[in-house]
Amino acid sequence: MTTTTPVLTPRVIALAHYAARALLENALARHGVTFQQSVTLRLAAVAEGPVERDRIVEHVVGALKIDPAQAHSVVDELVAKGLVAPQGPSQGPSQLRITDAGRALFETTSAETAPISARVYAGIPAEDLAVAGRVLSLITERADAELAALTK
């Protein structure tokens, strides 16, 4: 019996996304953090200093396709948990910085999920990963353009 390689479809993409997301959410749940909070915390963790709140919100909206009010709510949740904190004067653009607790959480969850990701991607040829990366990036770009046209 021969098996055929599946064609990339929205369903194949969704199944891969949700399978990988479930692995991440499992690790995050042990630390009382949601997927949305993790995505938002990562932006503060990889920044080289304080980041404007509006910039974080803009990136979260773009990445998760949620409305700005939801993204602001996620930021507020991180502030309430002590994972990010306001930085600088209260006048002008609001700046946020990751706290020591936020940095520790980010590093812990990253360390917990890294070996899982390594096992998931193990043995996939680099050429296949490059092709998949190009195709998925193009699909994301086109879907973002379609979404932007719908929301005008």
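**Entry 1. Elements and extent**

I take helices (H or I, at least four residues) and strands (E, at least two) as DSSP runs, numbered from the N terminus. On that basis I read the order of elements from the N terminus as α-α-β-α-α-β-β-α-α. The tally for the protein is six helices and three strands. I note that the model is a predicted one.

I looked up the extent next. The C-alpha trace spans about 65 × 40 × 25 Å along its principal axes. The protein has 152 residues, and buried residues make up 22% of them.

**Entry 2. The largest pocket**

I then turned to pockets. The largest pocket has a volume of about 1900 Å³. Its lining is formed by 42 residues, and those closest to the centre of the pocket are I13, A16, H17, A20 and L136.

Which helices each supply at least two residues of the lining? I find α1, α2 (35-46), α3 (53-64), α5 (100-121) and α6 on that list. Sorted by class, the lining of the largest pocket holds 28 nonpolar residues, nine polar ones and five charged ones.

Together with L8, V12, V131, V135 and I139, L136 makes a nonpolar surface patch of about 410 Å². Which element gives the largest share of this patch? Helix α6 (residues 126-150) does, with four residues.

I checked V12 separately. V12 sits in helix α1 (residues 10-29). Its relative accessibility is 33%, so V12 is classed as partly exposed. Patch members need over 30% relative accessible area, and V12 at 33% is above that value.

**Entry 3. Salt bridges**

I searched the whole structure for salt bridges and the count is four.

- E25 and R21: their side chains meet in a salt bridge, with N to O at 2.9 Å. Both residues lie in helix α1, and because they are four residues apart there, about one helical turn separates them. E25 counts as partly exposed because its relative accessibility is 32%.
- E112 and R30: the side chains form a salt bridge, N to O 3.1 Å. This pair links distant parts of the chain, with E112 in helix α5 and R30 in the loop between α1 and α2, 82 residues apart. R30 has 53% relative accessibility and therefore counts as exposed. E112 is partly exposed, its relative accessible area being 25%.
- K65 and D144: the closest N and O atoms of this salt bridge are 2.9 Å apart. Why does the pair tie together parts that are 79 residues apart in sequence? K65 lies in the loop between α3 and α4 (68-80), whereas D144 lies in helix α6. D144 is partly exposed at 32% relative accessibility.

**Entry 4. K65 again**

I looked up the backbone of K65 as well. K65 is not a glycine, yet its phi is positive, about 60 degrees. The residue is in the loop between α3 and α4. Buried, exposed or partly exposed? K65 is partly exposed, because its relative accessible area is 43% and falls between the limits of 20% and 50%.

**Entry 5. Two C-alpha separations**

With 40% relative accessibility, G32 counts as partly exposed.

The other pair was Y18 and G82. These are 64 residues apart along the chain, with 28 Å between their C-alpha atoms. Y18 is found in helix α1. Y18 counts as exposed because its relative accessible area is 53%, and exposed requires over 50%.

**Entry 6. Helix α1, collected**

I end with the residues noted for this helix.

Terms used:
Residues are numbered from 1 along each chain as its sequence is written. This is a predicted model: local features need pLDDT of at least 70, side-chain atom pairs count only at pLDDT 80 or more; totals for chains, interfaces and linings use all residues. Side-chain values use heavy atoms; hydrogens and water are left out. Patches are made of residues with over 30% relative accessible area and no salt bridge: like charges are joined within 9 Å, nonpolar side chains (Val, Leu, Ile, Met, Phe, Trp, Tyr) within 5 Å. Accessible areas come from the Shrake-Rupley method with a 1.4 Å probe; for residues, only the protein chains shown count as cover. Buried means under 20% relative accessible area, exposed over 50%, partly exposed in between (1.4 Å probe, protein chains only). On a 1 Å grid over the protein atoms alone, a cavity is a set of points where a 1.4 Å probe fits but cannot get out, and a pocket is an open set with protein on both sides within 12 Å along at least five of seven lines; lining residues have an atom within 4 Å of a point. Grid points are joined across faces, edges and corners, and a volume is the space filled by probe spheres set on the points. Ala, Val, Leu, Ile, Met, Phe, Trp, Tyr, Cys and Pro count as nonpolar, Asp, Glu, Lys and Arg as charged, and the others, Gly among them, as polar.
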